[in-house]
Amino acid sequence: MSTPTTAYRADRTTERLDALVADIREAVGRGLPPDLTAHLVGECLAPHITAADLLTDGQREGDPERYRQHLLHAEHDGSFSVVGLVWLPGQYTPVHDHVSWCVTGVHEGAEHERRYRLVPAAAPGGAARLVATEDLVNLRGTVCGFAPPGDIHRVWNGGTETAISLHVYGADISRLGTSVRRVYELPADR
C-alpha cells in the first residue's frame, strides 16, 4: 500500500478546477522564492478545496491496492502540477521529501501526517536518523504548504472513509512521474 499507482491524467476538467489553475498560474508567475510561492498557492487553493464541483467522479476514484494519483493539470512550461490523491482507509506513503515546493489541501476526509527532521550521524561512520517532530491530522478544508529543505514526512489515511486531497507541486509531475525526491529508510524514533 505504500507506492502510488501511476498518475492517471485527467481526461476532462471542471470549471472550478480551471479557475483554480488560472489562480495558481498567476501566483507562480510572480517568480517569488519557493516558500513565498507555496504561501500564495495555498491562498489560491483555500477557497476551492471543499467545493463539491472541484473534481469529476472519475477523479475521485481510488485503487484498492494503493493510494491513487490523478494528474489534474501539468502547466505547459513545467512550472507546476496539480494532482488529486485518493486514499482508501489504511493507505500511506513511505517517509519521503520532495523535488519542489508543495501545497496540499484536504478535499474530503482527513489526511494524517508525521513530519520528521534528519539528524546527521553523531560520529564519523555513524548512521543518520530521523526524529519525528510533529503529528498532524489535516481535516477537510485544511491547506498547508512547504518548501525544501525540511519537508520530510509520511502521509496516510488513518480514518475509516475515503480521503481525497489536492497537491500542487512546483514541478512537472507529468514529466517526472513523481514529486518524491528521496525515500528515507533510516531509523526513526516513531
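This is a predicted model: local features need pLDDT of at least 70, side-chain atom pairs count only at pLDDT 80 or more; totals for chains, interfaces and linings use all residues.
Reader: What is the largest nonpolar core made of, and which residues have the most contacts inside it?

Author: This core has 24 residues, and Ile 24, Val 82, Trp 101 and Leu 166 have the most contacts inside it. Two or more residues come from each of helix H1 (15-28), helix H2 (34-45), strand E3 (81-87) and strand E10 (163-169). H1 gives the most, with six residues. Another core lies apart from it, with twelve residues, among them Leu 71, Leu 85, Trp 87 and Ile 173.

Reader: How should I read a helix such as H1? Which of its residues are buried?

Author: First, the general idea: an α-helix has 3.6 residues a turn, so residues three or four places apart point the same way. Now the case here: Leu 17, Leu 20, Val 21, Ile 24, Ala 27 and Val 28 are the buried residues of H1. Seen down the helix axis, they fall within an arc of 120°, so they line one face of H1. On the other side, Glu 15 and Glu 26 are exposed.

Reader: What covers the buried residues of H1?

Author: The cover includes H2, strand E2 (68-74), E3 and E10.

Reader: And what of strands? Where does Cys 102 find its bridge partner in E8, and where in E10?

Author: In general, the side chains of a regular strand alternate between the two faces of the sheet. Here, strand E5 (residues 102-108) pairs with strand E8 (residues 143-146) in the antiparallel sense over four bridges. E5 and E10 also run antiparallel, joined by six bridges. For Cys 102, the partner in E8 is Phe 146, while the partner in E10 is Tyr 169. E5 is mostly covered, with six of its seven residues buried.

Reader: Stepping back, how many helices and strands does the chain have?

Author: The chain has three helices and eleven strands. Of its 190 residues, 45% count as buried. Among contacts between residues at least 6 apart in sequence, 80% join residues at least 24 apart.

Reader: What radius of gyration does the chain have?

Author: The chain has 16 Å; a compact globule with 190 residues would have a value near 16 Å, which agrees. Its C-alpha trace spans about 55 × 40 × 25 Å along the principal axes.

Notes: Residues are numbered from 1 along each chain as its sequence is written. Side-chain values use heavy atoms; hydrogens and water are left out. A nonpolar core is a set of buried Ala, Val, Leu, Ile, Met, Phe, Trp, Tyr and Cys residues joined through side-chain atoms within 4.5 Å. Buried means under 20% relative accessible area, exposed over 50%, partly exposed in between (1.4 Å probe, protein chains only). The arc is that of the directions from the helix axis to the C-beta atoms. Contact means heavy atoms within 4.5 Å. Two strands pair if DSSP finds at least two bridges between them. The radius of gyration is taken over C-alpha atoms; the globule rule is 2.2 Å times the number of residues to the power 0.38.
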